[in-house]
Amino acid sequence: MHRIALTCAACKIIIVKNTLKFLKEHNIINKEQHGFLAGKSTITNLLDFLNDWTLSVVNKRSVAVACIDFAKAFDSMTHRKLCYKLRAYWVSGNLLKWIENLLMDRSQCTRVGDSVSSFISITSGVIQGSCIGALLFILYVNDVTDLFDNGCLCKLHDDDLKLYTSVSTVVDLENLQSSLSRLVEWSHTWQLKIAYTKCSLLYINGMTNPHNVDMLLGDDKIVTADLVKDLGIAVGSELKVSEHIGDIVAHAHAQANLIHKCFLSRDVQTLNTRLYCLCPPSVRVWFLCLVPTFQE
């Protein structure tokens with residue numbers, strides 16, 4: 001579900017634009033963050049980590065990848081700790097006061113019909129779907145990559161975090177475990193809860209736990225997976241695209257069959273005309289491939 005929040009023009013044009021300009025000029029935003037930034041996207045994130053993994057595979061090295069998911073990340077950011085981080089990034093004066101006034105001393109209630117609950121104070125969270133909310137979240141998690149300095153690499157896209165390292169010896173896995181432990185400690189300090197059941201461990205290059213070492217997040221063992229879905233892309237342990245293509249084909253085939261049941265006509269021209277109004281491109285192409293089958 002996508003959320004869109006309407007904020008004033010001053011927030012988007014003046015506050016966010018000029019703050020981003022300041023942060024970029026002083027190289028404050030971490031280069032590993034690919035979310036909510038101009039010139040960065042899911043594509044740049046995918047290209048970055050897939051390039052690293054492919055180079056390791058070419059050099060006949062395994063890669064251990066920990067895919068970390070934060071639970072309700074945007075709703076969990078504590079306002080006072082967020083303002084503390086803003087001060088550390090040289091945000092001060094009227095701008096800091098404006099952000100504090102935007103976030104703090106707010107309350108909320110729930111209405112069901114004519115009934116209204118009691119009001120409670122809001123002490124955490126930012127406005128999801130807004131420009132200012134996205135910027136504040138980036139700054140809140142900006143320092144997480146400073147935890148990893150022992151050969152482990154980190155890639156961020158919004159609240160999606162991948163921590164990985166090339167594996168030659170058991171020491172490499174121990175370094176990864178050390179990084180995961182620091183990440184857990186960081187999440188407790190800054191009150192960003194990790195969704196442990198949604199985290200997974202992937203070994204690239206066809207090697208499943210090559211040194212038989214279990215990875216832990218706190219007291220919880222990370223489940224090892226042969227296939228993970230990251231940023232909408234299915235990535236397997238051998239870095240083959242067949243799994244992702246299979247998912248797309250299966251989804252398109254299911255949608256094409258549902259659409260087919262909505263038409264009484266089996267005329268190719270009629271079906272083709274209606275497709276442009278009803279289908280995304282992937283389903284449209286697959287549906288046209290199946291039209292001869294439908295006519296038989």
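Biologist: How many helices and strands does the chain have?
Modeller: The predicted model has 10 helices and 13 strands in its chain.

Biologist: And what share of the residues counts as buried?
Modeller: The chain has 296 residues, and 42% of them count as buried. As for the surface, the accessible area of the chain comes to about 16900 Å², and carbon and sulfur atoms account for 55% of that area.

Biologist: What share of the contacts joins residues 24 or more positions apart?
Modeller: Among contacts with a separation of 6 or more, such residues account for 69%.

Biologist: Switching to pockets, what volume does the second largest pocket have?
Modeller: Its volume is about 280 Å³, and the residues that line the second largest pocket include Asp-75, His-79, Arg-106, Gln-108 and Ile-127.

Biologist: Which element gives the largest share of that lining?
Modeller: That is strand S2, with 3 residues; S2 covers 106-108, and helix H5, covering 93-103, also supplies at least two residues of the lining.

Biologist: How many of the lining residues are nonpolar, polar or charged?
Modeller: By class, the lining of the second largest pocket has 5 nonpolar, 5 polar and 2 charged residues.

Biologist: Which residues does Thr-19 touch?
Modeller: Leaving out residues up to four places away in sequence, Thr-19 touches Ile-14, Leu-95 and Leu-135.

Methods. Residues are numbered from 1 along each chain as its sequence is written. This is a predicted model: local features need pLDDT of at least 70, side-chain atom pairs count only at pLDDT 80 or more; totals for chains, interfaces and linings use all residues. Side-chain values use heavy atoms; hydrogens and water are left out. Helices (H or I, at least four residues) and strands (E, at least two) are DSSP runs, numbered from the N terminus. Buried means under 20% relative accessible area, exposed over 50%, partly exposed in between (1.4 Å probe, protein chains only). Contact means heavy atoms within 4.5 Å. Accessible areas come from the Shrake-Rupley method with a 1.4 Å probe; for residues, only the protein chains shown count as cover. On a 1 Å grid over the protein atoms alone, a cavity is a set of points where a 1.4 Å probe fits but cannot get out, and a pocket is an open set with protein on both sides within 12 Å along at least five of seven lines; lining residues have an atom within 4 Å of a point. Grid points are joined across faces, edges and corners, and a volume is the space filled by probe spheres set on the points. Ala, Val, Leu, Ile, Met, Phe, Trp, Tyr, Cys and Pro count as nonpolar, Asp, Glu, Lys and Arg as charged, and the others, Gly among them, as polar.
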